[in-house]
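Take a look at the protein below. This report goes through its domains, its cavities and its pockets.

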Amino acid sequence: MLPVLLVSIDNTVLNFALPAISTATLPTGVQLLWMVDIYPLVLAGLLVAMGSLGDRIGRRRLLLIGSTGFGVVSVFAAFSPSIEGLIIARAALGFFGAMLMPSTLSLLRSTFVDRDQRRLAIAIWATGFAAGSALGPVVGGILLEHFAWGSVFLLAVPVLLPLLVLAPILVTESRDPNPGRIDVLSIVLSLGTMLPIVYGIKSIAEHGVTWLTLAPIAFGLALGVWFVRRQLRVPNPMLDMGLFRRGAFSGAVGVNLLSVTALVGCLFFISQHLQLVLGLSPLSAGLVLVPGLAAMIVAGLLIVPIARRVRPSRVVPVALLVSVAGFASIALRGGQIDAFSIGVAFVLLGIGIGAAETVSNELIVATAPADKAGAASAVSETAYELGAVLGTAVLGTILTVSYRAAVLLPDGLSAPERAAAGETLGGAVAVAGQLPTGVAQELLDSARHAFDSGVGLTAWIGVALVLGAAVVALVALRRAR
């Protein structure tokens, strides 16, 4: 549970630290998105490779190596002097974080052989994400109100120390009894597939659709095809592509990918709206989301006895429709939404996604052979992290483009001030703090209106993504029991 708690706290805290980082380092819009995305991007690119490595060298051993590295890099990130240094630190955190998550889920697969026990264990494992997400804003809000933004990264240290002490005592080692050789080329291809694609999406946000921005996406897709073809040819593939021919497995992965994309994209704009538009402190903004995260925990546990009796093709779509109602309530209000309404909407999001992902994660683990648990778990985690990348890259890019097109800058700003205020809402708030009262208020009103003009569109895209996940579950999980 400790690695799960750590990763979820890290993701949530960062969302709430974005305004402080924006005002302290004055990043461009693309730099801000890269700082958010580079961690899940590197992590997603390496998860399958690390899951396969854990099957070979031992899942507990890989967990301990990753924990040590994650703790050391977290200290470096806390004292990073610039946005460029923070981006590099986040990339290193992604490298070591990729060793943590597949190990946890695959260790559950080897520890709990009874499916009912395993379903409950995975539900509790999933609540670690929600519990960490709930704890992150509260603890992070307290830190951000009393210390610099770098303090949020130091949260990793007290979580990792007991893990390093207790895991060798309490966790039994497990591995694939007949591992193949490590395929370095497949590792390179898996990472090379995602980096160019997300880079291309970000380039489109900055420069528009041109052959220079589309070329990286095409290159990434070509490497992805090469990766798949290689897995089908080699005797001991890093990822058994036959798993995707199982409807329950591929359908559950699709549900995770689409729902997490919507959820993370929602968190990207909600955290900024609460703090930079409504003017709440980081702690108050975090408390607004706590009921929704608590609902996610409760829904994940309550769905376990229901999932024993009702088919996944019915349970998952119904749960996701509850989340659709949450997104729709934000979309219908556009940017004109208060903190209470956001809290209610997030409760609906938490109920639906918490219940759906408990069922989908258990299906992923249950349909994979025990000796391939690490690689299968890595696919589940890859869907999570790729969803996090797409949530901020796609929805965040749409929001950034909408902001740039709508913001009206007052006269009298210097070139650096115009560049910072025209890039992000956080940049506009930082610039406004250095201007005379009248001009500052004019800039803030324009920037907040420009930011909220994209919130409604972004929320409607969230509605479409979760509806898509419900359709995938209805079709792909119809034979799963």
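## The model

This is a predicted model: local features need pLDDT of at least 70, side-chain atom pairs count only at pLDDT 80 or more, and totals for chains, interfaces and linings use all residues. Residues are numbered from 1 along each chain as its sequence is written, and side-chain values use heavy atoms, with hydrogens and water left out.

## Domains

The protein is divided into domain 1 (1-171), domain 2 (184-237) and domain 3 (245-480). These bounds come from an automatic or database domain assignment. The C-alpha centres of domain 2 and domain 3 are 25 Å apart.

A cavity is a set of points, on a 1 Å grid over the protein atoms alone, where a 1.4 Å probe fits but cannot get out. Lining residues have an atom within 4 Å of a point. Grid points are joined across faces, edges and corners, and a volume is the space filled by probe spheres set on the points. The structure holds five cavities of 30 Å³ or more.

The second largest cavity has a volume of about 110 Å³. Among its lining residues are G29, L32, F268, Y403, E423 and F451. α2 (29-57), α9 (247-277) and α13 (373-406) each supply at least two lining residues. Helices here are DSSP runs (H or I, at least four residues), numbered from the N terminus. Domain 1 and domain 3 both give residues to this lining, so the second largest cavity lies between them.

The lining of this cavity has seven nonpolar, four polar and one charged residue. Ala, Val, Leu, Ile, Met, Phe, Trp, Tyr, Cys and Pro count as nonpolar; Asp, Glu, Lys and Arg count as charged; the others, Gly among them, count as polar.

## The largest pocket

A pocket is an open set of points with protein on both sides within 12 Å along at least five of seven lines. The largest pocket holds about 590 Å³ of space. It is lined by 24 residues, and T193, M194, F227, T382 and L386 are the closest to its centre. Two or more lining residues come from each of α2, α7 (184-207), α8 (211-233), α9 and α13. The lining has 18 nonpolar, six polar and no charged residues.

## The second largest pocket

The second largest pocket holds about 430 Å³. Of its 16 lining residues, M1, L2, L107, L108 and V171 are the closest to the centre. α1 (2-25), α4 (83-111) and α6 (156-170) each give two or more residues. By class, 13 are nonpolar, three are polar and none is charged.
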